[in-house]
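Me: I am new to this structure, and I would like to go through it slowly, asking what stands behind each term.

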Amino acid sequence: MLMHQGIGLERFNQISRARAIHALFACCCNVTWAATLADARPYPNRDALLAMADVELLALSQDDLDRALEAVVHEQVSGGSMAELAQITQARITRMLGPSEGYPEY
């Protein structure tokens, strides 16, 4: 399991800012996007986090968008659109959070 995979929303809301940015960076490969989302914590639910993720994707500059799309090149990306990046990012955030309660810490 990856370092941040399956941490659950409650733990995500409580981890340090640096760790939250690291976890989110793995979802979109943009530090500004990740920092903005980390700074908006706590999220009341997954839907709020996913909605904020989409809003902040729309705020990316074209250069940032291009770099983010390059970072997901191994994913099934056909046209390199914002919609595809949003779908990939949401899937990665969902994997990061895992089940509703997260996996237990060992």
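Reply: Pro-42 is found in the loop between α3 (31–39) and α4 (46–58), where helices are DSSP runs of H or I with at least four residues, numbered from the N terminus. This is a predicted model, in which local features need pLDDT of at least 70 and side-chain atom pairs count only at pLDDT 80 or more, while totals for chains, interfaces and linings use all residues. Residues are numbered from 1 along each chain as its sequence is written, and side-chain values use heavy atoms, with hydrogens and water left out.

Me: What kind of peptide bond joins Arg-41 and Pro-42?

Reply: Arg-41 and Pro-42 are joined by a cis peptide bond, with omega at about 5 degrees. Most peptide bonds are trans.

Me: Why does Cys-29 count as partly exposed?

Reply: Buried means under 20% relative accessible area and exposed over 50%, with partly exposed in between (1.4 Å probe, protein chains only); Cys-29 has 26% relative accessibility, so it counts as partly exposed. Cys-29 lies in the loop between α2 (17–28) and α3, and has a positive phi of about 65 degrees although it is not a glycine.

Me: What makes the buried residues of α5 line one face of the helix?

Reply: In α5 (residues 62–71), the buried residues are Asp-64, Leu-65, Ala-68 and Leu-69. Seen down the axis of α5, they fall within an arc of 135 degrees, so they line one face of the helix, the arc being that of the directions from the helix axis to the C-beta atoms. The face turned away from the buried side of α5 carries the exposed residues Gln-62, Asp-63 and Glu-70.

Note on methods:
Helices (H or I, at least four residues) and strands (E, at least two) are DSSP runs, numbered from the N terminus.
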